Amino acid sequence: MTEPASAHMGTATWSSEDGTAFEVALEGINHVVGAYSRLIAEARAADNNDQADALVAERAQWSRRRKGLSPADRAAVDTVTADSARLLEQLRAAQ
C-alpha cells in the first residue's frame, strides 16, 4: 500500500486566514505581471525597446517577489497585497 502524498508535508505554520491572504497576494502579483506583459507588448509594438526592457526588469522584480513570498510571513504578504493594488491602479491608468 502506498502512502498518501500528504504524509511527508508536515504541519502548516500559518493559519487558514494567512493562507487565504497569501493566495490574494499571489493573485495580485499575477495581475501585476499580466499588466506589465501588456505594457511590454505595447512598447515593443511601438519600437520602444528601451521602455520595454525597463518594463521587463520591473516585471522580473515582481516574479522574484512571488517566489520569495511565504504564507508564514503575514507582514510581507500584506505588503505585497497593498503594493500590487497601488501599482495596478497606476499600470491600468497607463492604457
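Let's start with a definition: a salt bridge here is a side-chain nitrogen of Lys or Arg within 4 Å of a carboxyl oxygen of Asp or Glu. With that in hand, D18, R74 and D78 are joined in a network of salt bridges, and by this rule the count comes to 6 salt bridges.

A quick word on the source. This is a predicted model, where local features need pLDDT of at least 70, side-chain atom pairs count only at pLDDT 80 or more, and totals for chains, interfaces and linings use all residues. Residues are numbered from 1 along each chain as its sequence is written, and side-chain values use heavy atoms, with hydrogens and water left out.

Now, D83. R65 forms a salt bridge with D83, with the closest N and O atoms 2.9 Å apart. R65 sits in helix α2 (residues 49–68) and D83 in helix α3, so this pair ties together parts 18 residues apart in sequence. Helices here are DSSP runs of H or I, at least four residues, numbered from the N terminus. D83 also meets R86 in a salt bridge, at 2.6 Å from N to O; both lie in helix α3, 3 residues apart, about one turn of the helix.

Over to helix α1. There, E42 forms a salt bridge with R38, the closest N and O atoms being 3.1 Å apart. These two are 4 residues apart in helix α1, about one helical turn. E42, at 39% relative accessibility, counts as partly exposed, and R38 does too, at 25%. Partly exposed lies between buried, under 20% relative accessible area, and exposed, over 50%, using a 1.4 Å probe and protein chains only.
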